Amino acid sequence: MFVAVLSGTVVSTSLPVIVADLGGTQAQYTWVITASLLATAVSTPIWGKLSDLLDRKVLVQLSLILFTVGTVIAGFSQDIDMLIAMRVVQGLGVGGLMSLVMVAVALIISPRERGKYMGVVGGIMAFATIGGPLLGGFLTDVWGWRSNFWIGVPFAIVALILLQLTLHLPKPEAKKVSIDYLGVVLLAVGVSALLIWVSMGGQQFEWDSMTSWVLGVGAGVVLVAFVLVEMFVKEPIVPMSLFRNRTFTLSVIASIAIGVSMFATSVFLAQYFQLARGATPTESGLMTIPMIVGQMSASIIIGQLVSRFGKWKGWMLLGSVLALVGVSLMATLEYDTPFPLVAVYMFVLGAGLGMVMQNLTLIVQNDTPPQQLGAASSGVNFFRTIAGTIGVTIMGSVLATNVTEYLKDGFAGFKPTSPEELEALKMLGSGDVPKMADLPESIRQIVESAYGSGIADAFFLAIPLAVLGIIAIAFIKNKPLSTKNAAEELRERAEESAIEVAEAEVGSYTPTGGIRTVSAEDASAAQGSVAVLEREDEERGR
């Protein structure tokens, strides 16, 4: 999990530098993020379903190897398109790690005890999120941005060795594996078309154009076809039966709200500090510490309290309210907002996310049959990731559009007085992400103000979803946490199935379907699968 989270955070503060160095636009900046998120979203339910069918340990190792290969090649990117392609490979590996780690924890730890372990997982994620931006900014300033992609390789190698030596998970029930290939294709095509339509509409093509209609309607048709296929195949990627469970359905809705807030802050805070406040990558990483401290402390402390007292709903409601307050405060940002206030905004939002994120997975696992553990756990992560991906794409489009308008207003009547100012205006007109350090002071302040206001506008879109998250959590059934882990439940169900089979065999032994009884003296001579001893009433003390 540390490796998976580090992959995104280590480059977050460096992305403005990376995209500018590779000649990318603001739209491509968003795609560097969304390409990885899209691959993670599409692959998460697939990995989760495979964990219900195949060897989980092998799947964890395979996803880690896939992620590492994509990361190393990404470091050699020569243009923005190659970087985006390798981010897709990274995303496929991260999809496996994010879902399979949760499945492994559920198999080993009971829901009642799982809260504090989920808190530790959340703490590790927060630690990687703290260390990632700082490390990424330092590496970029000292050795260049390419080193960001290679720093995670030693951690991945150590993780592979530790997994091989120490991870022991129960293997799924031996049965013929049936893969829903059609569902995989429909899911990938439908989600990809939807994301392309959302991200490029209004920029690469008009909303009311043939391209827009083909993508929008096509995505809808393919996703409806995916749902229909999932209803009838033997082993669906996303079992529709899960949605009959109120806990799962409401958790998915809450995950959508949390996903948008979580991914938006990780993507746009780096831009805010570097493009609206003129910070270096290292400074940008340091400035994000208040949010991560809030997330890390809330995740660990609340996880401990959930395990100790078995109460989770009150903490999740409080967290969802804090998340709403946090995104609302973020929507008020300006380029010159005092940093202590920005730090408070980030801490509040981080604490809210820390209280809710891991506990959503916990309560779904607590209310799901162990045979569907992988599909249910990955389902929550899937909808959180896809919502975050679409949300970040929409917010990125709003940011790009609004920044352009703010720049037009800011430069209305502005006349360059030097060759440097003229060159800077040409660069801004190209749509590329600016290098703030290279801008003349007279232009830099206008650009900073435009990005500050544009990023605040983007956060405003997350407010209605945060309200929806509070409502969803409020209606989740407050079910007590079980004291048995998933492996124990699977063994119990297997034993119950064996008893049912034995009873069926006994019932079918005689023509009447009854159980044949014999006396104690004749017990040794009894024939058949099961013989029940019958003693005289005197022997029973009656």
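Let's start with the lining of the largest pocket: 20 of its residues are nonpolar, one is polar, and none is charged. Please keep in mind that this is a predicted model. The pocket holds about 620 Å³ of space, and its lining comes to 21 residues. If you'd like to centre your view there, look for Met-1, Val-101, Val-105, Leu-163 and Leu-167, which lie nearest the middle of the pocket.

H5 gives the largest share, with six residues.

Now, on to the rings. Searching the whole structure turns up five aromatic pairs. One of them joins Phe-76 and Trp-150 in a tilted arrangement, 5.0 Å centre to centre, with 50 degrees between the planes. Phe-76 sits in the loop between H4 and H5, while Trp-150 belongs to helix H7 (residues 147–150), so this pair ties together parts that are 74 residues apart in sequence. Both partners are partly exposed: Phe-76 has a relative accessible area of 49%, and Trp-150 has 33%.

Another pair, Phe-243 with Phe-248, is edge-to-face, at 5.2 Å centre to centre and 80 degrees between the planes.

Note on methods
Residues numbered from 1 in each chain as written. Predicted model: local features only at pLDDT ≥ 70, side-chain atom pairs only at ≥ 80, totals over all residues. Heavy atoms only, no water. 1 Å grid on protein atoms, 1.4 Å probe; cavity = no way out; pocket = protein on both sides within 12 Å on 5 of 7 lines; lining within 4 Å. Points joined across faces, edges and corners; volume = space filled by probe spheres on them. Helix = DSSP H or I, 4+ residues; strand = E, 2+ residues; numbered from the N terminus. Nonpolar A, V, L, I, M, F, W, Y, C, P; charged D, E, K, R; others polar. Phe/Tyr/Trp six-rings, centres within 6.5 Å; stacked < 30°, edge-to-face > 60°. Buried < 20%, exposed > 50% of the residue type's maximum accessible area, 1.4 Å probe, protein only.
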